[in-house]
Amino acid sequence: GPDPLAKVPDPSDRLLGGLLSPDFDESSCLSRYNAALYRRPSLHAVSTYLVSALRRYESLHRRCGPGTPGYARAVELLRANASASSSSSGSCSYAVWAPIEGLGNRMLSITSAFLYALLTDRVLLLHSSGGGGDLDGLFCEPFPGSTWILPAAPGDTGFPIRGIERLTDRYHHQSLGSVLRRGEDPGAAPWLYVHLRHDYTKDSRDQQFFCDDVQARLGAVPWLVFRSDNYFVPGLFLVPRHEAELARMFPRRDVVFHHLGRYLFHPSDTVWGMVTQYHDSYFASADERVGIQVRRFYWAPISTDDLFAQILNCSQREDILPSVGVPAAKGGSDGQQPAKQKAVVVVSLHGEYSEKLRDLYQGHGGAAGGQEAVSVHQPTHLGSQRSGEQQHNQKALAEMVLLSFSDALVTSAVSTFGYVGQGLAGLRPWVLTSPVDRKGPGMPLPCRRAATVEPCFHAPLDYDCRAKAKGDAGRRVRHIRHCEDFPRGVQLV
Ligand code: GDP
């Protein structure tokens, strides 16, 4: 019979089953080929079709990326405000990504824009406004021999689309929705702003980005600027013209972010330094690594005590942490080592949860007369979100990556920070249910095993292109369902 392990990539495979290009100089980015030594080997095979699509993309990016004649020509046409008809076939076209919201949201929307670029032969470029520290110092270049950063050139000779950082309004004159509202042909525009911020669902015209006929026209637009705080990948799976290609790239649809995220996001040497330091001091000597991500949202208030009770309840009930037995007698059982060392890393803006957990496990021998020794760690507790600051974002990234080294994960519902950790790990986490009426233990279920490794698309379209009417994106196809942690959203399963 077929060997069930045949598809499992070799754990020592630094190229992640062909996902990564071998064309990089190792010293250009320490994490790129070394992350495989820290993370559990992926259980999810990469399709050869995806591998060849990525290699094809890389050569496109090399040919059309900044600094190439193709790029210069495309910028020139844009400056002349020339529409697609004046550009020749074989010319380069682009998907420009602009940041919004926290780092988790950004990584999910970059991944979505990249998948769109893969599907439509566009080159992905990131608009990093520089001064705000948006993505500065966070990631290595993902594409060999080129850059994914949109060059910033101030002055009259700069990039012709002015004020990308201020493009946030779906009513902007150049937004796809506005063009459709005016009854114009989107295919005739030299560039368009694709507004996919969560409020795009207010008007069907903004949602028509996900319609087949509009997609057909967009192929003629050389420059698309995206702004989204969402993981809009599931929406791309609803576009008929991309269906066949997506099915070949992802025979298993529930690991899109797992593969593309590990392909794109290689922490910079600075961030990697933090990651390996945390790993060496918390995880390295443990038999089992547990990651617990605690995120609190203002719209779902809960007291510290209730949330702590929920975390403990979940972890013990699911056998992630041992129940606390009697205090170990002084000297233990003849000074014997416990059978198992369990290391818990809590990541949170708040320090209370790891403190309480540490207090609980420190004074006790752990479960079953000290069979498990539990140590509790937390890299930082920064108090509040400051997504404009470089060091703050570097710490956040380091913690997401550290989470992804876990053997078991507990995450907070609706948090994109948690989605990135679980996605990079390739694990289905236990998700702490959102508090209802200030009570976490949304009892009797403190947490639920996630149905999928995939992130949730929080603001899916509610427009059915074929019916030209409202329609539920979670009921269209078998492999896209409403999210358990956020029922309004949809996800690939
Ligand atoms: P989400 O708001 O949970 O969906 O995640 P985002 O990553 O989009 O935004 C939250 C931001 O708050 C992060 O990017 C960090 O800047 C900060 N943050 C939230 N939780 C943590 C944490 O556990 N550790 C660190 N270092 N930062 C955090």
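**Exercise 1. Locate Leu-16, classify its burial and describe its phi.**

Step 1. Leu-16 sits in the segment before α1 (30–38). Helices here are DSSP runs of H or I with at least four residues; strands are E runs of at least two; both are numbered from the N terminus. The model is predicted: local features need pLDDT of at least 70, side-chain atom pairs count only at pLDDT 80 or more, and totals for chains, interfaces and linings use all residues. Residues are numbered from 1 along each chain as its sequence is written.

Step 2. Count neighbours. Leu-16 has 21 C-beta neighbours inside 10 Å, so Leu-16 is buried. The cut-offs: buried means 20 or more other C-beta atoms within 10 Å of the residue's own, exposed means 12 or fewer, and partly exposed lies in between, with C-beta atoms placed from the backbone.

Step 3. Read the backbone. Phi of Leu-16 is near 55 degrees, a positive value in a residue other than glycine. Most residues other than glycine have a negative phi.

**Exercise 2. Is Lys-468 buried or exposed, and where does it lie?**

Step 1. Lys-468 belongs to the loop between β11 (463–464) and β12 (469–470).

Step 2. Lys-468 is exposed because 11 other C-beta atoms lie within 10 Å.

Step 3. Its phi is positive, near 50 degrees, and the residue is not glycine.

**Exercise 3. Describe the ligand shell by source and by class.**

Step 1. There are 21 residues around the ligand; Gly-102, Gly-104, Gln-385, Ser-415 and Thr-416 come nearest. A residue counts as near if its C-beta atom, placed from the backbone, lies within 6 Å of the molecule.

Step 2. Assign elements. α4 (103–120), β6 (340–348), α14 (390–403) and α15 (416–425) each give at least two shell residues. The largest share, five residues, comes from α14.

Step 3. Assign domains. Domain 1 (26–264) and domain 2 (269–492) each contribute at least three residues to the shell. Domain bounds come from an automatic or database domain assignment.

Step 4. Sort by class. The shell has six nonpolar, 11 polar and four charged residues. Ala, Val, Leu, Ile, Met, Phe, Trp, Tyr, Cys and Pro count as nonpolar; Asp, Glu, Lys and Arg as charged; the others, Gly among them, as polar.

**Exercise 4. Describe how α15 packs with α14 and with α4.**

Step 1. Take α14 and α15. Their axes come within 7 Å and cross at roughly 45 degrees. That angle makes α14 oblique to α15. Axes are lines fitted to C-alpha atoms, for helices over the stretch in contact, and angles run from 0 to 180 degrees between N-to-C directions. Under 35 degrees is roughly parallel, over 145 roughly antiparallel, 65 to 115 roughly perpendicular, and the rest oblique.

Step 2. Take α4 and α15. They pack at about 55 degrees, with axes 7 Å apart. This pair is therefore oblique.

Step 3. Assign handedness. The α14 and α15 crossing is right-handed, whereas that of α4 and α15 is left-handed. Left-handed means that the near helix is turned anticlockwise from the far one by less than a right angle; right-handed means clockwise.
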